[in-house]
Amino acid sequence: MQIKTAEFVKSSQKWQECPEPVMPEYAFIGRSNVGKSSLINAMMGRKDLAKTSGTPGKTQLINHFLVNENWYLTDLPGYGYAKVSKSLRKDFEKLITNYILNRKNLVNLFVLIDIRHNPQKIDLEFIEWCGESGIPFSIVFTKLDKMKPNAAKENVEKYKAELMKAWADLPEIYVTSAEKKEGTDEILRFIGKTNEF
Ligand code: GTP
Ligand code: MG
């Protein structure tokens, strides 16, 4: 899919404040600092459409972007950010889960995982919650450029094996680097395929 236009629409504190759900929507979620905002920028071919930072917890609101004037791309706050208080973390979790459960036009959720790490409990639990809640999702590995190709492949296989313990079918899996702009076309192709335009 060719990106003709991409514009910031609004930041919302809760799902009720999000733009009218009149267009198909695709959202990016994952731990703080995993690279959600960076991948959105890479997909859009823009440097700082979504704000990125080396410090986790940069994105704290639900950010909507309108692409090609006919679908929404959503940058969500990260989950599991250890440096905020427990109650604030709970607030973030509620904001995220409420958005996911209530957003009627959400076509697919992209769950981002840092390719460098072994399967982490918090991600596995989140994926399990998505499955149990009937949320359509895909898995997107990030920061591929930070690993040697063979080690990266090994980690993806490790992850698949972990998922297969709990699920009969694997979700769609993408391997990406925002830095090198790898894997972004595949995600855009998927969005184009699952969307009527
Ligand atoms: P929060 O908004 O805090 O939840 O973080 P985020 O998931 O949006 O992460 P963000 O895109 O802000 O990126 C976090 C850090 O990782 C930044 O320093 C990015 O430059 C870096 N980063 C993101 N993607 C990549 C990548 O593909 N390769 C490399 N080398 N660095 C990346
Ligand atoms: Mg962010």
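**Salt bridges, aromatic pairs and a buried helix**

Let me begin with helix α4 (residues 149–166), where Glu157 and Lys160 both sit, three residues apart, or about one turn of the helix; helices here are DSSP runs of H or I of at least four residues, strands are runs of E of at least two, and both are numbered from the N terminus. This is a predicted model, in which local features need pLDDT of at least 70 and side-chain atom pairs count only at pLDDT 80 or more, while totals for chains, interfaces and linings use all residues. Residues are numbered from 1 along each chain as its sequence is written, and side-chain values use heavy atoms, with hydrogens and water left out.

Glu157 and Lys160 form a salt bridge, their closest N and O atoms being 3.6 Å apart, where the term requires a side-chain nitrogen of Lys or Arg within 4 Å of a carboxyl oxygen of Asp or Glu. Glu157 is partly exposed at 46% relative accessibility, and Lys160 is partly exposed at 26%, with buried meaning under 20% relative accessible area, exposed over 50% and partly exposed in between, for a 1.4 Å probe and protein chains only. An α-helix has 3.6 residues a turn, so residues three or four places apart point the same way.

How many salt bridges does a search of the whole structure find? The search finds five, and one of them joins the side chains of Arg103 and Glu25 at 2.9 Å, N to O. Because Arg103 lies in the loop between α2 (86–102) and β5, and Glu25 in strand β2 (residues 25–30), this pair ties together parts that are 78 residues apart in sequence. Arg103 is buried at 7% relative accessibility, and Glu25 is buried at 0%.

Turning to the rings, those of Phe, Tyr and Trp (its six-membered ring) pair if their centres lie within 6.5 Å, and planes under 30 degrees apart count as stacked, over 60 as edge-to-face and the rest as tilted. The count comes to 10 aromatic pairs, among them Phe110 and Phe190, which are edge-to-face at 5.8 Å centre to centre with 80° between the planes. Since Phe110 belongs to strand β5 (residues 106–114) and Phe190 to helix α5 (residues 184–193), the pair ties together parts that are 80 residues apart in sequence. Phe110 is buried at 0% relative accessibility.

Finally, eight of the nine residues of helix α1 (residues 36–44) are buried, so α1 is largely enclosed by the rest of the structure.

Methods. Chains are lettered from A and ligands numbered from 1 in the order in which they are written.
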